[in-house]
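User: Could you take me through this structure? I would like to begin with the ligand.

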Amino acid sequence: MTRDILMIPGPVELSPAVYKALAAPIASHVSPTIIEAHGAALENMRRVWLAGPETQPFIIAGSGTIAMEMAITNICEAGDKVIVLNSGYFGDRNEKMLKRLGVEVRAIKAEKIGAHPDLELLEKELSEDNYKAVFGTHVDTSTGVRLDVEKVSKHCRQSGTLSIFDGVCATAAETFRMQDWGADVYYTASQKALGLPPGLALMVCSEKAIKARKTLKSGPPLSMDWLAWRPIMQAYENRKGSYFSTPATGLISALDVSLEEILSVGMEEIFSLHQRVGDRFRSLFEEHHLSILPESKYAANTLSAVYYGEHQTILQQVKEGGYVIAGGLHPEIKATYFRIGHMGYSARNGKDVQGLIDVLKKLLSEK
Ligand code: PMP
């Protein structure tokens with residue numbers, strides 16, 4: 001039976017080796033195989049995040065939204081003051097979560113949908129007032145806008161403010177250098193460029209971020225607490241089984257495989273191949289006079305967000321060609337654009353991207 005190739009902005013296609021790992025027999029979370037996979041995955045996360053040896057990686061059963069809330073509740077509590085750089089739907093979600101917690105939020109929102117938040121304003125705010133943290137979305141999946149995380153981290157470092165980035169639609173695809181840039185928290189979920197099914201929330205935290213957790217008066221819910229999870233992560237890295245809450249064993253074995261695959265390509269090549277793939281889609285749309293949603297200077301390489309123009313039935317047509325792509329997500333303009341995910345295994349294997357580009361070329365030329 002043939003099946004359609006999944007090229008939405010997550011979940012994405014999985015590699016054969018990842019499928020094989022997922023099909024392994026169930027094992028105890030303290031069996032030698034799982035201990036080794038868990039320990040190796042934590043070590044390899046630092047290499048994929050380009051993070052320093054003093055940082056703390058976490059692998060938790062959960063979604064990207066859980067990763068967002070874990071970062072927020074371990075850093076902030078009621079009465080704190082933070083900045084949210086808002087470039088779309090997931091910036092709105094950041095604001096909502098922070099406000100629910102009683103945090104005072106200064107939102108720096110992109111001037112219009114598809115624009116980059118004003119970083120001069122960020123610099124000014126940071127120099128004039130005292131903020132505990134800045135939250136930003138590396139790639140907002142609703143707009144395809146890529147935040148200049150390097151610059152944001154730099155401003156935060158200079159003002160002694162914590163920087164927390166949502167890498168759900170960016171990690172292991174868009175250039176990110178945790179150590180060089182001095183970011184404090186970078187989190188993702190398993191179903192995007194890491195190339196796994198949904199189900200894992202993953203993050204790497206600086207010592208400064210962990211210190212911020214220690215000074216909270218109340219602290220996050222126990223199930224999300226870095227201080228409860230840290231000894232477990234440390235035990236696995238030391239190749240010892242440990243228990244606080246049952247880890248997602250099957251997904252962790254698959255994560256170990258996917259991180260090895262990514263590292264065997266090398267991070268610099270991973271970043272540049274996603275750039276090349278992003279460029280290929282952008283050229284195609286330009287050639288066929290389709291406008292993209294993000295300002296081109298800040299267009300993400302993990303996904304394309306494109307206005308339908310006169311191609312209102314493109315989703316169905318692409319499906320007939322054997323590919324699944326997605327509709328819009330931003331509530332204000334949802335019906336006007338579509339999105340294509342081109343990250344992870346599909347970006348690496350050559351054939352998925354080529355196949356979809358061939359289908360698109362054909363149908364865009366027919367009009
Ligand atoms: N942040 C971003 C940038 C995302 O793209 C997503 C998922 N599309 C999330 C957070 C939330 O992840 P999840 O759907 O796994 O909760």
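User: How far is the side chain of S63 from an oxygen atom of the ligand?

Analyst: An N or O atom in the side chain of S63 is 3.5 Å from an oxygen atom of the ligand. For T65, the corresponding side-chain distance to a ligand oxygen is 2.5 Å, and for T141 it is 2.3 Å. Please note that this is a predicted model, in which local features need pLDDT of at least 70 and side-chain atom pairs count only at pLDDT 80 or more, while totals for chains, interfaces and linings use all residues. Residues are numbered from 1 along each chain as its sequence is written, and side-chain values use heavy atoms, with hydrogens and water left out.

User: Which residues are around the ligand?

Analyst: They are S63, G64, T65, M68, F90, T137, V139, T141, D166, V168, Q191 and K192. A residue is included if one of its heavy atoms lies within 4 Å of the molecule.

User: Let us change topic. What domains does the protein have?

Analyst: The domain assignment gives domain 1 (5–12 + 266–366) and domain 2 (16–264); such bounds come from an automatic or database assignment. The centres of the two domains, taken over C-alpha atoms, are separated by 25 Å. Domain 1 gives 32 residues to the contact and domain 2 gives 35 residues, where contact means heavy atoms within 4.5 Å.

User: How much area do domain 1 and domain 2 bury between them?

Analyst: They bury about 2,700 Å², with 61% of it on carbon and sulfur atoms. Buried area is the accessible area (1.4 Å probe) that two parts lose on being put together, summed over both. On the side of domain 1, M267, F271 and Y298 lose the most area to domain 2, together 23% of what that side buries.

User: How many salt bridges cross that interface?

Analyst: The rule finds two between domain 1 and domain 2. It requires a side-chain nitrogen of Lys or Arg within 4 Å of a carboxyl oxygen of Asp or Glu. Elsewhere in the list of pairs, the side chains of E268 and R177 meet in a salt bridge at 2.8 Å, N to O.

User: And how many salt bridges does the structure hold?

Analyst: The structure holds 21 salt bridges. One of them joins E36 and R239, whose closest N and O atoms are 2.8 Å apart. This pair links distant parts of the chain, 203 residues apart: E36 is in helix α2, and R239 is in the loop between α9 (226–237) and α10 (249–265). Helices (H or I, at least four residues) and strands (E, at least two) are DSSP runs, numbered from the N terminus.

User: Why can such side chains pair?

Analyst: Side chains of opposite charge can pair when their charged atoms come close.

User: One last topic, the backbone. Where is the cis peptide bond?

Analyst: It joins G10 and P11, with omega about 0 degrees. P11 lies in the loop between β1 (5–6) and α1 (16–22).

User: What is phi of L50?

Analyst: Phi of L50 is near 50 degrees, a positive value in a residue other than glycine. L50 lies in the loop between α2 (32–49) and β2 (56–61). As background, most residues other than glycine have a negative phi, and most peptide bonds are trans.

Technical notes
A polar contact is a pair of N or O atoms within 3.5 Å; within protein, one must be able to donate a hydrogen and the other to accept it, and residues adjacent in sequence count only if both atoms are side-chain atoms.
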